[in-house]
Amino acid sequence: MLTCKEQVARSSDYLDGQLSFRQRLIQRHHLLFCPNCRRFLRQMRLMQATLRKMPEPPLPPVTDIDALAERLAAERKSNA
Ligand SMILES: [Zn+2]
């Protein structure tokens, strides 16, 4: 039987569908008998859903070095 600690350690893989069929069965078995881990998993799933709904972070501003590198690359291309 899985301990709660092991269950928690694997729960993110479980939610991501990264576990093997056997591992998933073991997780499910534990969840069946452990309300604590059920609650933990539900909160974790909720948090993941919330994170997915958040907008993408804005792109970092182009620094001068980036602009310079781009110009150099463009110049090299036009000279070739
Ligand atoms: Zn548990």
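A residue is called buried when its relative accessible area is under 20%, exposed when that area is over 50%, and partly exposed in between (1.4 Å probe, protein chains only). On that scale M1 counts as exposed, because its relative accessibility is 71%. The model here is a predicted one, so local features need pLDDT of at least 70 and side-chain atom pairs count only at pLDDT 80 or more, while totals for chains, interfaces and linings use all residues. Residues are numbered from 1 along each chain as its sequence is written, and side-chain values use heavy atoms, with hydrogens and water left out.

M1 sits in the segment before α1 (4-16); helices here are DSSP runs of H or I with at least four residues, numbered from the N terminus. Together with L32 and F33, M1 makes up a nonpolar surface patch with about 410 Å² of accessible area. The areas themselves come from the Shrake-Rupley method with a 1.4 Å probe.

Then there is the zinc ion. Its protein donors (N, O and S atoms within 2.8 Å of the metal) are C4 (SG), H30 (NE2), C34 (SG) and C37 (SG), at 2.0 to 2.3 Å. Along the sequence, these donor residues follow the spacing C-x25-H-x3-C-x2-C. The angles between the four donor atoms run from 101 to 116°, so the arrangement is tetrahedral, a label that asks for all angles between 85 and 135 degrees. For four tetrahedral donors, the ideal angle is 109.5 degrees. C34 and C37 are both buried.

Two glutamines round out the picture. Q27, in helix α2 (residues 21-33), counts as buried because its relative accessibility is 0%. Leaving aside residues up to four places away in sequence, Q27 touches L2, E6, Q7, R10, S11, Y14 and L19, where contact means heavy atoms within 4.5 Å. Q7 is 20 residues from Q27 in sequence, yet their C-alpha atoms are 6.5 Å apart. Q48 belongs to helix α3 (residues 35-53) and is buried too, with a relative accessible area of 17%. Beyond residues up to four places away in sequence, Q48 touches L15 and D16.

How values were computed:
Donors are N, O and S atoms within 2.8 Å of the metal (3.2 Å for Na, K and Ca); water is not among the atoms, so sites may look incomplete. Four donors count as tetrahedral if all angles lie between 85 and 135 degrees; four count as square planar and six as octahedral if opposite donors are over 155 degrees apart and all others between 65 and 115; anything else is irregular. Patches are made of residues with over 30% relative accessible area and no salt bridge: like charges are joined within 9 Å, nonpolar side chains (Val, Leu, Ile, Met, Phe, Trp, Tyr) within 5 Å. A salt bridge is a side-chain nitrogen of Lys or Arg within 4 Å of a carboxyl oxygen of Asp or Glu.
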